[in-house]
Structure formats: structure tokens, C-alpha cells
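Thanks for coming, everyone. Please have the sequence and the structure open while I talk.

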Amino acid sequence: MDRSRLFPCGHSRREFVWEMGAGFAGLALTSLLSADSFFGHQAVAARVGGATNPMASAAPHFASQAKACIFLMMNGAPSQVDTFDYKPALEKYAGQPLPEDKSYTNSGGRKVGYLTPAWRKFRPGGESGLLVSDYFPEVRKHADKLCVINSCHTDSHAHGSALVAMNTGKTFIGRPSLGSWCLYGLGTENQSLPGYVVMLDKRGGPISGQPNWSSGFMPSTFSGTLFRPIGDPILDLRGPEHVTPDVQRAQLDLMVRLNQQHMAQRPGGHELAARVESYELAYRMQAEAPEAVDISTESQQTVAKYGVGQEPTDEFGRNCLVARRLVERGVRFVQLYSGGGHLEETWDAHESIEKNHGQHGAEVDQPIAALLEDLEQRGMLDETLVVWGGEFGRMPFSEGQNAPGRNHNPYGFTMWLAGGGVRGGMHYGATDEFGFQAVENKVHLHDIHATILHLMGLDHQRLSYFHQGRQESLTDVGGRVIHDVMA
Amino acid sequence: MRWSRRLYLRPVLAVAVAAFGSHSLGCATLAFTRASDLDAPDFAAPDFERQIAPLLIKRCLECHQEKDPAGGLSLVSGEALMSGGDSGLAISSGAPEESYLLERVQSGEMPPEQKGISQQLSDEEIALLQQWVQAGATWPEQRTLDLYEITSDVRGGRDWWSLQRIERVEPPEVKQVDLVSNSIDAFILARLQLAGLEPAPLESKRKLIRRVYYDVIGLPPTYEEVAAFEADESANAWQRVVDRLLESPQYGERWARYWLDLVRFAETSGYERDQEKPFAWRYRDWVVDALNSDMPYDRFVLEQLAGDELPDRSERSVVATGMLRLGTWNDEPNDPDDYKYERLEDLVHVTSTAFLSLTVKCARCHDHKFDPIPQTDYYQLAAVFWPGAIEPRDRKWLGGPTEEELGFENVLGWTDLGATAEPLHLLKLGERSRPGEVIAAGALSSVRSLARPFEPPPADATTTTRRLQLARWIVDSQNPLTSRVLVNRLWQHHFGAGLVRTPNNFGFNGDQPTHPALLDWLADELIQGEWRMKRMHKLMLMSRTFRQSSIHPRFDQYNERDAANRHWWRAERRRLDAEALRDTMLYVAGELDETQGGPSFHASVSPNALQGLSRKDAAWEASPQAQQRRRSLYMFAQRSLLSPMMTTFDFCDTVAPCGKRDVTTAATQALALLNSTFSHDRSRALAKRVVDLAADDPQQQVRLVWRFALGRLPTAFEEQLAQAHLAEGRQRFRPAATTERTTGLISLESLCHVLLNSNEFVYLD
């Protein structure tokens, strides 16, 4: 191992001003500081370089294709050997135990059964002939767009900590999520919409809740905004009924006049002016956020393609369609959850793969296929990175004798990438013959994050935030960009 | 690593072998014979202490230290240098061209690049090393180098400012005595004058009383209170306001919140089940009471770290140890044995941050990169907490002791599980699979004047007394950090920024004090005043510096020179924090329930935000509306669902200690104040409060709205604007009106809403 990477505490050059005691409004001011020792030995190099809006779109570290990311989070952990990681050996060894030399933590102390082949058939898709199971027949048609990473592994076998890890890089709560890092590094292109949007499954939020889309130790401005796909997508977009747009305009106009008077007596009140501006922005958001989720302007054909208005695809289809609309409008990072709450409400198929994945697969398969197709047809796929995966995978053996479910497996699982500069129609890495453990070109979750950031034009080693005396980054001391997956 | 890649031996010079031979005899001047063979060099041999030692410490020693040196090469002593590393000899005295060390340095391979950035030595540095080797690489006898002995431009040493003893300097003499109310002003003024700056004029009484009310109790003065103060011409009018506020029980409610931020206060565990930490609120109340009763700060520290070990232990002092129970706690960690070390980090981190403002946790896996904190120090602190309930146990105890162990029921507290504990091993690279030496409990080694081993517990002890000994070390009047850290926090909350602007980091990567003499003077005053905080508050509030205006007649000119106001040439304008904002809205609407203490209330959360919860069976149940009108201090903080209203206005992250909140301005804040039910409910209540007094007299109404919301009367122009707004509203709201809510009332609500959203309402001069 390269020792210089073991210790992350080194300075990188992106020290941020909050530690130094200035808020956003203070950014421009502090950047004027001289290097006089009186002003401290670490005058500030802010990411915004003197701009007052930390959300302003910022240049990436290097040229990249992807401008936005849609992360399809399969909450609960889909089984790799039943979806995108075909293991014919499981048919051969069916009914036998996993060899004893394979050690693992039996998450939750559940029953341990026997190796069990995929519950549905795998078939080749596209020109590449990638093998995809019958849980994803529609996605299979887009096999040539997929870069399937079969050798993922992660740091926890428990949903709570593994989900937080997939979102923030660490198994414990309190760190900024992937979307926050993207927003921090790149800003966003549409100031009238949140730059980082999260849409949950109606059945509930992910385990551990908010920390999954939190900005951790960064200002809350960088945290994910929960979006509802219908009506008013975000909190507090509308007051009581009698406060019509006219009324509100009158209120804002009066407020502006009062504020102007207030400011006239307070020279240099940048923060006061910034607050006045934030009200104008809020006013625009009230109109633009509902518009972004209003799919009535979409063609019937498009709506149908996503499975909106049909079961069981309506909910996830609508979320996928809204995700496309958000990205189209300049939102930087969108995360969609499939599965919410606990156990079988999510992809957590302890009881039955066929029942669970049959249900959840049917909910998401057509919408995801439609999203890929739609993005491509609109010429947006090259600029939009689509990520699919759960917080870990599942065991190749059953949970109990002849049992139809499978337990958690952090040692080997599959995620796939599409669009945004990714090479389609390929596999990367491999698990052992049982699909139990990543063995070839192993991809740790830090590597996934490093690669996603890279595709977004960000260097995971340079994208750091100075917090409590340390340069913090998403991948900490780890992370390796997998260049082989890039087009 | 890099050294070991070259396994072949370098040509060995006889002279070096001679040096080997002599090293067992303790001979230190190495390899001089060869040097003397040379022609007289045309340069002076570099001075070891002045030129070579600092260079080696700064650029080489981090990896080539004594323990487990990189490439087997240690550079801490002459003997070590001469014995070379895995690749053979490092230098050939007097023969720079044959010295492997110089070869590696010249090629730029050493020091190795970091994160893709070359660390190559400068030409001057390389030349110095060459000359030194050429001249025989002389190394003074007995001299060993230590990574932390001096501060360099990459790292702080034991000579770092915050680790030096507090030097009380008497206030400087200044000529303009009219600008000096007390010693604080003398320090500030002297620095201002040095820079050729004048302080701002005194703030108007109206703005000043508003400032001090928020500052001390977190609520605004009423119109009557403002008027009384404006009318009071007596000499001690200000002092009486300050005294009254500091005696108000609301002082504790305001200032407790700052402390709760520091100790990562929340009332649940976080993670999947996010269990409530029962009776966490009793710790919150303990903090409020401690502040209100002006508990000396040394006692405040002792109770929180070791309230169970004190000779006069009581239920209350054990409640104080709840501080050690507030961290996140995962009942289903990936690896329960690894998780013990995460819990230790939380305890080391909160202790070293809150009381000492050092980032000790950075030394968990390796010696600290920037501060003189070796990894052994981290483990010395960790060993202090190790005898507690760190081992995995029944999840019903939520990671803490049982009631029997604690000795009290209905207390969220901490104690050791016995008078002895298993040995704690240092973990190399922080990995459990690589245990190192056993580390005994202790404090930080870099405060040399206070270095002393911890005593074993007395024979009749039921705990190890390690926490008590650590706490006593922290509050030792000779500790250079504790009092500086505290007075800096007090200064920060009074003035808007600290004298050290990184309140949680007094180390190398932190900011340095703008006024070191003032900081030390205040720190000494705190100790002289028996650690009483109210005395320090008063000192700061009585200063002219506190009472100066936030507006300066030469703003533009001064702003160009010192935009960050590090000289304190004006007061800082400040936005109300989340608590003050919410509390004020309730207060001006006449709704604030000022009941103190007790269990927290659960705020209403919109269904959209509730979506984020994974457990339906534990669905959020809001408290009755009446209870929700209590101060924000009493709002239940659930880690998986913090109140959106609070986080939108920069409520702190509850996972790690927070010494200074962010202050952001974002559209989501505008949306919350413009549209939320909470905000509209307050506007309605304020309008009702006004109508109850003014009936439907529009002139009276407008004046009352201003008096309640802003503590003043409107100007003629404002009155005109407001009347126009009301008149328009009476037309506009016809469709919405009912017999109970007339168009006049709705218009008034609308006006109230505008004021609650105005800059004047949210900003403090």
C-alpha cells in the first residue's frame, strides 16, 4: 500500500471559511485578507473564489462528460446472483453448503442453508450479450448501455450502517453524503431548484433516516432536499390559501421597501442584501419547483413508457420521470429510493427472493429502462450518470434449508453504471464461482465513490473540506478511480 | 517502503564502520576523521542546531522517527543516522556524492510526494544537507531529535502558543481614556491604534439593549423595557441592565444551548432504531442550573467528567456525567469489537474538543500530523474511558451502565464498571488486528509542566478514578488550555467571533489569537475569579468594545483594511440563530410558554419531512400545541429527524462537537418563514394580540405591530406604507373573510407576517 495515502490529514488547498469564522456573506470579505500574520497563517482559499453564492455552478477539477447524476438506490440490498451476476456453478453445487474455508459474518444470526441457484433465468441482452436475469427484462434491452461492476464490496453487513456507508463513505453517521460532495464541488445550474434532490419510497425512508442525505459537517445548504413527486415537491412552497401570488407579491414588495430603509442605514450590509435576494429566489422557487414535477406537459407516450398510471410501476416511474425533468433543469444530483421502511418493504429478501425481487423488480424494471431510453433519446445520457445498486448484496445460499430467501452479504455484490462517460456493455470485476465474494478487480465502496466523483469531473483526493483540524474527504484515505469503466 | 525497494547495499566506507564501532561507546561526534581529510571547504559547515535539526525535524522525521521508521532508517540521533536503513548506509560522511540519502533527496524521491504533490526539498535545503555531509555530518553528543520539539511551517511543536503557560500581561496604557471602560478596551484600543484605526462610536441605547437582551437571554426587550432604558440617565443604568439579565433564569437557557452544541447533545441514539436516551433532558437541565447558579467552571468540568467519582457525589453530579452518554450509539455495529474503539473516539473527541480545543482524535491511528500529540496520548485519554460500559452488552442499556452500576434510577449517567480495567493496547494504524503496547491512562504529554502519572485508585474505590484525575488535570490552574478555551468561547458568543476564530482548534491548523495578551489576561482573570463565568460575562458586557456601534463612520475605508473585523473596530451584525428566531416569533406573538426544565416537547413536523423515517410503528407524535410554545431549548432532538425549521436555520449537526454554527442565507429559509404553518400561526397570534388592544383603529394597530415586533414605533414613512398595505388588504382579502376573521384582521396578519420576515426582525445590530 502506498503509505502516503494512509494518512489523510495533509493540507489540500481547499480550506473553507466557516472554520475561520465567516459565513457565506463573509466569503468575499475574507478573501481580501492579507497574509499578515495578524490575519492568521491560513488565509482562506474558498471553493467559490470570492463569489457569495456557494451554490453557483463551479468548474470541475477536469473536463468530464457527466454533468448530473441519478442514483437509483435499491434500498434493502438486491441479490446479485439473481439479477446481474450469473453463476452457473450454483446449479452444479445446489443443495451443498458454502465451502467451509469461506468465512463471513452471519448477519443477524440467521439460519444458514445451502447454495441455491438464481431464482429466475439469465438471458443475454443487447449486442454485448450481457447476462441479465428475468427480474430485469426491460433493463436487459439496454444492456449495451450498462457497465456492470460485479466485484463490489463494502464495510458492513447491517442495513443501517451499510446504507449510511453507501451514501457517505463511512458506516457511522455524521458525514456529508455523496450528493453533498457533488454539490459542494460543482454547485448547481439552476438556482431556483435545490441542487441535490432525494425522492423516497412511499413505504418509508431508509434506515437511519436523514443522515443518509445529510451534509454532515458541511453547512446545511449542501444537504439533500426531500422531494415529493406530486404537487408541491418541497416543504413550505405555499402558504395558506388566501395568500395568493398577488398577496405574496404585495407582502414582498412591502418587505423590500422596509428592508431598503433598513439597509440604507447600514452601509456594507452584504448579508442583508443577500437575504433580500434569497426572498426573490424563494419566490421563483415557488413557481419552478411545482413546474418541475408537473408531468402533465409530457407526452402520453412518454408517461406510459415510464409506467406512470399503471401498477406496480406508477410510483417509481413517476420518480424516474421527475428525475429526468430535474436533471434537464440543471439539478446536479438526484437520488431515488426503491424500497422503504423495513424487511420485505425493501429489497431485503430474507423470506423469499422470488416474492420480494419479483415485486420490487416489477416496480422498477420498466421505469429504469424508460429512463435510460428517454435520456438517450433526448441526448442527455452522455451528460447524465446513472448509478444502480443497493447497500450490499445477498448470500448465494438460502436462509435455512430449502428456504427461498437469502441473507445479507457485504463481501460481494453488483452495481451498475450507465451514461455520463461510462463504457456500456461490459462487466468489470468478478465474484468467486459462487457469487459469494469479490475476487477479481475488487471494488470497494470508496472506489465506487471515487469513480462516480471522477465521472462528474471531481478528483476525490482534492475534493476536501477542512473540518476540526483535518481535511475531510468522501473517500478518506481510500478510493481508487476505476478507469477501465470509462468510455 | 521506498527504502526497502533497493535491497542492494551501498558501498560502505570504512569510516562509517568505525562509527558503528564507536556507537556502543556513546561516542557522538561521528565520522569526523574523513571530514578532516578533505581540503578545507570553501563554505562554513552548517550549524546543526540552527540549520540541520530544524530541517530534519520538518522534512524527514515524520516518517524516519524512532519507532518503526520508514525504510528502517531513523534520523533521530547521530547513531541512528549512521547505522542506516534497510537499503544500507544513508550517508557517507564527507562524501556527499556517495550518500544514498542525498541521492534520494536530490532525485526528489524523498520526501515522497503527497496526494500527487511533490514535496521535494528546495535547492537551498539540499545544499545545506550536502554541505553538512561534506563537513562530516557532525551530530552533537547525546542530541536526539524529536518531531514535536519545535514548531515549523508544517507542524506545531511543544512550543506552540496554546501550550505555553498563561502570561498575565497588565493592560496597556492608552491615552484616549474616554474610549476605555475597562481593561478589555485598553487591550483592544492599543491594537487599533497600532493599526491607525479608531473604534466605532457607542451604539444607540435602543440598539444596545436589544443586543444585550439577545446576547444574555436570547429574547428581545419589550418596547417598555427599551423605553425605560432610554429614559434612564443614571450612571449605572447599563450595569443594572447587565446585572438583571445575568440574574435572569433565562440566561441559563440561552447559554446552555452553546454548551449543548459542544457536547453533541441529542436525545436519541441514531442509527436504525434511534432509541430515545431516557432522561437526557435531566442533563440539559443540569447545564441550565449550573449556569444560572454560576457554578465555577472547574466544578462544571469535574462533574461532567467525573460526577460519579467525586467525594461529594450526588444524584445531580451523576446526572452531569450524562455528557459522556450523549454520543451516537449503534446497537448493531458491523463489528462489535471494532465499535468499542469508535466509542472511545467519541469520548476522547468530545472531551478534548469541549475542554481543550485540541483535535486529539486525529492521533488515533498515528501521531498527530500537525500538533504535538503522539498516538500514545490518544490512547492515554482513551484509557481514561475504557473502564466504562464500552464492551458490547445488552442493548437495553443503550451502551451505558445499569441502574445498579450507576447507583441511581432515572439518570442517564456514566461510571466505571469497577476499580480495575482490562489493559488497553495501542492499535497500530488504528487496526485491531495490530495491537501494540499497553497504554496506561494519562493526560496530554505536551503540557510538560503538568506531566505526572495517574495514581492507582484508593483501596476502597469502586471506580478507577481515571476520569477524576483527568478532570483535575484539565482544571489545574496551570493548564494552559482550559481557561483560554473557555474565555474564548465566552468572547465568541458575546462578540460574534472568538479572539481565536477556530474555537474548537487551538492547534496548528487553527487560527491564532488576534489579541494574545488579552486572551491571556482574560484567562487569568477567570482563574483569579475562582472560575466564575458570570463575572467574566459582566466584564465583557461592561466593556466599551461590546457597546460600540456595528456601523462605523469610516466603514468603507476600514473594511478594505480589515474586512473580517479582527481588530474589533466595530460590533458585528448578527443573524438570530434558529432558537432565538423561533423563540422571538413566539414571544412577540405573546405566546411563548416560559416554563423551565423537564422533558422535551416534540415539534410538529410536516408529513413531507416525516417521509424520511423508516419505522412506521415509531411514527412521530407531536406534542399538544400548547407545549410546543416552549423555548426551542426544550425541543426534542431526534437524530434521524431533526426539525427542518431548526436545521434550515443552521442548527448544528448533533453527531460531533460544534463550537460555532454555520450562518447561511438560503432560499429555503425564506420559504420557511414565508410559508410554514408555524410562521403563519405566529403572524395570526400577533395580529390577534394587536387587535385585542387596538380594536380596529388602524393607526393604533400599526404602531402596536411595530412595538411588539421590533420594539419601537414606526417612522412616518413606515406608517404610510403599512396603512397602504392594510387598505389594499381590506379589498384583496374579501373572498377569504368570515365574520370572525374580517378583511381587516387578515390584512393585519399580512402586515405582521411582513414584519416577522423583515431583515430588522432577523438581524441584530
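I'll go through confidence, then each chain, then the contact between them, and end on one residue.

Start with what we are looking at. This is a predicted model. The scores for the model are ipTM 0.88 and pTM 0.85. Chain B has a mean pLDDT of 91, and 94% of its residues reach 70 or more. Chain A has a mean pLDDT of 87, with 89% of its residues at 70 or more.

In chain A, pLDDT stays under 50 over residues 1-51. The model still has 108 contacts beyond four places in sequence for that stretch. In chain B, the stretch under 50 is residues 1-41. There the model has 74 contacts beyond four places in sequence. Keep both stretches in mind when you look at the picture.

Next, chain A. What is chain A built from? It has 11 helices and 17 strands. There are 487 residues in chain A, and 59% of them count as buried. Take the contacts in chain A between residues at least 6 apart in sequence: 75% of them join residues at least 24 apart.

Chain A is also divided into domains. Domain 1 covers 68-231 + 309-459, and domain 2 covers 236-293. Look at the numbering: domain 1 is written as two segments. The C-alpha centres of the two domains of chain A lie 40 Å apart. How many residues are in contact between them? On the domain 1 side there are 9, and on the domain 2 side there are 7. The domain 1 side of that contact has 5 nonpolar, 2 polar and 2 charged residues.

On to chain B. Here we count 32 helices and 4 strands. Chain B has 765 residues, of which 54% count as buried. Its C-alpha atoms fill a box of roughly 110 × 65 × 50 Å along the principal axes. Of the contacts in chain B between residues at least 6 apart in sequence, 68% join residues at least 24 apart.

Several of its residues are buried, including I184(B), F187(B), I188(B) and L192(B). D185(B) and R191(B) are buried too. What do the buried residues of α7(B) pack against? They pack against α20, α21 and α22 of chain B. After α7(B) comes G196(B), with a positive phi near 70°.

The second stop is α19(B), residues 482-495. This helix has 14 residues and reaches 20 Å, close to the 20 Å expected. Is α19(B) enclosed or open? It is largely enclosed by the rest of the structure, because 11 of its 14 residues are buried. Among them are V485(B), L486(B), L490(B) and W491(B). R484(B), N488(B) and H494(B) are on the buried list as well. α19(B) is followed by G496(B), where phi is positive, near 100°.

Now put the chains together. The contact takes 87 residues from chain B and 86 residues from chain A. On the chain B side, the elements giving two or more residues include α23, α25, α26 and α30. Which element gives the most on that side? It is α27(B), with 7 residues. By class, the chain B side divides into 32 nonpolar, 36 polar and 19 charged residues.

Is L641(B) buried or exposed? The cut-off for buried is 20 or more other C-beta atoms within 10 Å. L641(B) has 21 such neighbours, so it counts as buried.

What does L641(B) touch? Leave aside its neighbours within four places in sequence. From chain A, it is in contact with G209(A) and Q210(A). From chain B, its contacts are V605(B), G612(B), L613(B) and W620(B). For scale, C658(B) is 17 residues away from L641(B) along the chain, and their C-alpha atoms are separated by 18 Å.

That's the tour. Thank you.

Note on methods: Residues are numbered from 1 along each chain as its sequence is written. Chains are lettered from A and ligands numbered from 1 in the order in which they are written. This is a predicted model: local features need pLDDT of at least 70, side-chain atom pairs count only at pLDDT 80 or more; totals for chains, interfaces and linings use all residues. A residue is buried if 20 or more other C-beta atoms lie within 10 Å of its own, exposed if 12 or fewer, and partly exposed in between; C-beta atoms are placed from the backbone. Two residues are in contact if their C-beta atoms, placed from the backbone, lie within 7 Å. The expected span of a helix is 1.5 Å times one less than its number of residues. Domain bounds come from an automatic or database domain assignment. Ala, Val, Leu, Ile, Met, Phe, Trp, Tyr, Cys and Pro count as nonpolar, Asp, Glu, Lys and Arg as charged, and the others, Gly among them, as polar. pLDDT is the predictor's confidence in each residue, from 0 to 100.
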